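Colleague: I've got a protein model open here and I'm new to this. Could you talk me through it, one question at a time?

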Amino acid sequence: MAQSIADLLRELKDEMPFLSKYLFIASWQYSQFSRLKASLPQGWMLKVADFAENFRTFYQDEIASAHWTYSQITVFPVVCFYRCMKCGESVQESCICLSEYLVHDSSAVKTFTKVINDHLQSRRHTESTHQVQFTDGCAAQFKSKQSFIDISNAEEDYGFKIERSFFGSRHGKGPADGLAAVVKQACTQAIKAKRAVITNANDMHEYVKESMTLDSPAKSGCAHKLQTFFLVQNIDRQPCSTDASGIVRTRKLHDVVVVARGMVKTRNLSCFCSACIDQLSGLECINTKYVDEWKQKSLLNENGKRKQTSEVGGNCDPRNMLKQEGKVVRSNRRRAAQ
Ligand SMILES: [Zn+2]
Ligand SMILES: [Zn+2]
């Protein structure tokens with residue numbers, strides 16, 4: 001026993017530098033998120049996005065065989081913070097995308113992002129110049145070469161630049177996780193109480209849209225707490241690559257900002273000090289002790305084409321990705337036959 005405790009202490013001592021570094025990064029990134037949220041500059045939008053665990057449909061009074069006929073629904077919650085176009089106060093809008101597309105990849109992220117940005121621009125009339133997206137660092141979803149190319153096109157797509165910041169590992173449950181949990185719990189309760197029958201994404205969307213939407217008043221007046229649901233069935237699938245090795249050491253970077261189409265800048269940590277927010281001010285970042293200088297990276301080759309590492313059917317093939325994630329999704333029919 002004494003031996004094993006000594007071994008444990010030795011291992012802990014060896015791991016301590018790595019552990020303390022990870023904890024520092026997680027704490028730093030979260031503090032930058034909090035700082036930006038507390039004092040969002042005019043024209044900026046802050047988002048927190050993450051895939052939730054899929055919602056699994058079920059029937060009230062479920063008979064044993066029905067247990068095998070459930071389907072799954074992708075839930076992608078995004079909490080958006082921006083300034084009210086009427087009074088300038090802070091607005092929090094929860095946007096939840098629901099889909100039967102079960103692959104949690106950069107194509108899904110790109111499509112959901114577009115649906116939400118189109119809504120914010122056309123319905124809320126937001127006029128952002130800069131959008132910061134905080135996410136976790138999952139390579140396939142948010143940190144791949146393809147996802148960097150997608151955000152590098154933001155200026156053409158939306159008219160503003162996107163900056164993506166990554167929470168460190170062990171960042172705990174963020175606002176997006178909490179939002180998804182509330183929505184899924186409401187659906188579960190409604191099914192159990194026989195207030196709703198939810199067998200697919202369309203049913204779920206109908207129920208939550210009807211019972212949980214928080215919309216702005218029809219004419220005048222402000223609404224600073226909003227909640228909107230989207231049913232997204234058509235995903236804009238693209239060839240993609242799941243890693244950005246060769247461009248950047250992705251594990252070490254926690255901030256990516258668009259320079260131009262096919263061009264990004266990266267750095268080890270996020271910083272939203274006054275100098276970093278207003279990069280034209282000529283001031284120096286106050287956190288250079290921790291935050292490295294930006295490194296500019298091209299995502300395109302000399303011919304202006306995407307530097308390619310893998311195509312559909314490789315690591316990004318939905319079947320392979322599901323296998324990688326340990327999610328075995330079978331059709332209802334096959335499940336029912338079992
Ligand atoms: Zn207002
Ligand atoms: Zn700074």
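Colleague: Let's start with Arg 164: in which strand does Arg 164 lie?

Modeller: Before that, this is a predicted model, where local features need pLDDT of at least 70, side-chain atom pairs count only at pLDDT 80 or more, and totals for chains, interfaces and linings use all residues. Residues are numbered from 1 along each chain as its sequence is written, while chains are lettered from A and ligands numbered from 1 in the order in which they are written. Helices (H or I, at least four residues) and strands (E, at least two) are DSSP runs, numbered from the N terminus. On that numbering, Arg 164 belongs to strand 6.

Colleague: Is Arg 164 buried or exposed?

Modeller: We count other C-beta atoms, placed from the backbone, within 10 Å of the residue's own: 20 or more is buried, 12 or fewer is exposed, and in between is partly exposed. Arg 164 has 27 of them, so Arg 164 is buried.

Colleague: Strand 5 and strand 6 pair, but in which sense and over how many bridges?

Modeller: Two strands pair if DSSP finds at least two bridges between them. Val 132 stands opposite Glu 163 in strand 6. Strand 5 and strand 6 (residues 161-166) are paired in the parallel sense, over six bridges.

Colleague: And which residue in strand 5 does Lys 47 stand opposite?

Modeller: Strand 5 also pairs with strand 1, in the parallel sense over five bridges. Five of the six residues of strand 5 are buried, so the rest of the structure largely encloses it. Opposite Lys 47 stands Gln 133.

Colleague: How many residues of helix 4 are buried?

Modeller: Helix 4 covers residues 145-152 and is mostly covered. What covers its buried residues includes helix 2, helix 3 (139-143), helix 5 (154-158), strand 6, strand 8 (255-260) and strand 9 (263-267). Among the buried ones are Phe 148, Ile 149 and Ile 151.

Colleague: Over on helix 7, why do the buried residues line one face of the helix?

Modeller: An α-helix has 3.6 residues a turn, so residues three or four places apart point the same way. The buried residues of helix 7 are Ala 201, Met 204, His 205, Tyr 207 and Val 208. Seen down the helix axis, the directions to their C-beta atoms fall within an arc of 170 degrees, so the buried residues line one face.

Colleague: Which residues touch the most other members of the largest nonpolar core?

Modeller: A nonpolar core is a set of buried Ala, Val, Leu, Ile, Met, Phe, Trp, Tyr and Cys residues joined through C-beta atoms within 7 Å. The largest one has 52 residues, and its largest share, seven residues, comes from strand 3. The ones that touch the most other members are Val 75, Val 78, Cys 187 and Met 204.

Colleague: In which loop does Lys 194 lie?

Modeller: Lys 194 has a positive phi of about 60 degrees although it is not a glycine. Most residues other than glycine have a negative phi. With 9 other C-beta atoms within 10 Å, Lys 194 is exposed. Its loop is the one between helix 6 and helix 7.

Colleague: Last one: what is the mean pLDDT of the protein?

Modeller: pLDDT is the predictor's confidence in each residue, from 0 to 100. It stays under 50 over residues 242-246 and over residues 308-338. Where pLDDT is low, the predicted coordinates should not be read in detail. Across the protein, 80% of residues reach 70 or more, and the mean is 83.

Note on methods. Contact = placed C-beta atoms within 7 Å.
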